[in-house]
Amino acid sequence: MEKNGLEKLRTELAEYTPWNEQEEKDRDVILSYINRFPNAFDRSNLIAHITASSWVINRKRDQVLLVYHNIYDSWSWTGGHADGETDLLSVAIREVREETGVKSVKPVSDKIFSLEVLTVDGHEKWGQYVPSHLHLNITYLLEANETEELRVCEGENKAVSWFPPEDALSASSEPWFVQRIYKKLNEKMRTF
């Protein structure tokens with residue numbers, strides 16, 4: 001883990017203006033955790049670790065790119081583990097490319113778009129049991145071309161598709177994500 005990258009992230013988190021009470025409290029949890037646990041960027045930390053997600057939109061902002069996630073059995077955003085990296089924007093972009101096949105993805109802004117502390121129930125992954133834990137998640141707003149060919153990443157998802165922003169909410173079968181996260185992301189997207 002690069003020390004300069006960690007300091008940059010700490011500064012970005014400290015300067016981030018929370019959208020609501022959830023983000024305010026979650027920012028404090030994330031900052032506290034990365035200050036106390038050097039392995040917070042690695043999934044070997046079985047209690048909580050840093051992840052990066054993306055709300056991927058098209059240029060007109062009338063489509064959102066979602067994947068049908070294997071573990072959660074629901075339409076969801078893209079994202080993944082930091083795995084030791086502190087450049088979370090790069091992690092978010094890499095995950096979009098891996099999970100959707102989209103190559104021309106770019107940040108709408110290099111600033112943090114949203115923050116979330118997410119619960120993850122215990123599950124099987126690659127034949128191994130993964131205990132319940134937290135994802136200390138940093139979200140970025142990314143833009144991609146909706147005409148680009150999409151590809152399923154079999155180890156991660158069953159489908160990839162574009163949805164109108166409101167339909168993205170009804171497509172997800174995870175009520176907490178819909179009400180607390182995806183709805184917020186749609187609202188924030190309209191202000192960018």
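## Basis

The model is predicted: local features need pLDDT of at least 70, side-chain atom pairs count only at pLDDT 80 or more, and totals for chains, interfaces and linings use all residues. Residues are numbered from 1 along each chain as its sequence is written, and side-chain values use heavy atoms, with hydrogens and water left out.

## Helix 5

Helices (H or I, at least four residues) and strands (E, at least two) are DSSP runs numbered from the N terminus. Helix 5 covers residues 175-189, and its end C-alpha atoms are 20 Å apart, which agrees with the 21 Å that its 15 residues should span at 1.5 Å a residue (1.5 Å times one less than the number of residues).

At Y182, helix 5 bends by about 30 degrees (the angle between axes fitted to the seven residues ending there and the seven starting there). Buried residues of this helix include F177, I181, Y182 and K188 (buried is under 20% relative accessible area, exposed over 50%, partly exposed in between; 1.4 Å probe, protein chains only).

## Aromatic pairs

The structure holds nine aromatic pairs (rings of Phe, Tyr and Trp, the last by its six-membered ring, with centres within 6.5 Å; planes under 30 degrees apart are stacked, over 60 edge-to-face, the rest tilted). W55 and Y182 are stacked, because their ring centres lie 5.2 Å apart with planes at 20 degrees. This pair joins strand 1 (residues 48-57) to helix 5, across 127 residues, and both W55 and Y182 are buried.

F113 and F192 form an edge-to-face pair, with centres 5.1 Å apart and planes at 80 degrees. F113 is buried, at 1% relative accessible area, whereas F192 is partly exposed, at 41%.
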